[in-house]
Amino acid sequence: MTLASVSLLAGPPAGGWYKEKTLSTAADFAALELGDQVAQVCKKCDSISVVEIQSKDQAMDFCKEGATIDCPSCGNVAKVVRTGPPSQSPQKIEFVDEHGNACMFMAKLEPKSPADFQHGHKQ
Ligand SMILES: [Zn+2]
């Protein structure tokens, strides 16, 4: 299994009104605002759970080293790890299973602006 297989969100989501921004560093999580919607994508069962951010603490819990996040669909438990040496900033956040394989990722859902439709480009 490689980390290169992150093509799950390549297409538009159902409805097509949101675009996703993958949350891959602590700074990404720190930038979340109250009311933001975060997609929790389980690679084991391909399910997407949407979580609404209700506090900054909640957002930071998602990227706290050693924290665990359960998949409500298949019971997969992902552990938060930070990759790269501590001196390196920003460290990448990954969600791994008991074997250390990336088994989940998170993405912020952002409402599309009219410009996204006019120009048709993603991100
Ligand atoms: Zn799952």
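Pro-111 belongs to strand β7, which covers residues 102-111. Now look for Tyr-18: along the sequence it is 93 residues from Pro-111, yet in space their C-alpha atoms are 4.5 Å apart.

Please keep in mind that this is a predicted model. Across the protein chain the pLDDT averages 84, and 79% of the residues score at least 70. Residues 1-10 have a pLDDT below 50, and that stretch makes 6 contacts in the model beyond near neighbours in sequence. Where pLDDT is low, the predicted coordinates should not be read in detail.

Next stop, Asp-46. You'll find Asp-46 in the loop between β2 (37-42) and β3 (48-52). Its phi is near 60°, a positive value in a residue that is not glycine. Asp-46 counts as exposed, since it has 10 other C-beta atoms within 10 Å.

Is Cys-71 buried or exposed? Cys-71 is buried, because there are 20 C-beta neighbours inside 10 Å, and 20 or more is what buried requires. So who is around it? Setting aside neighbours within four places in sequence, the contacts of Cys-71 include Cys-42, Cys-45, Asn-76 and Met-104. Lys-44 and Ser-47 are also in contact with Cys-71. Gln-40 is 31 residues from Cys-71 along the chain, with 8.1 Å between their C-alpha atoms.

Note on methods
Residues numbered from 1 in each chain as written. Predicted model: local features only at pLDDT ≥ 70, side-chain atom pairs only at ≥ 80, totals over all residues. Helix = DSSP H or I, 4+ residues; strand = E, 2+ residues; numbered from the N terminus. Buried ≥ 20, exposed ≤ 12 C-beta atoms within 10 Å, placed from the backbone. pLDDT = per-residue confidence, 0-100. Contact = placed C-beta atoms within 7 Å.
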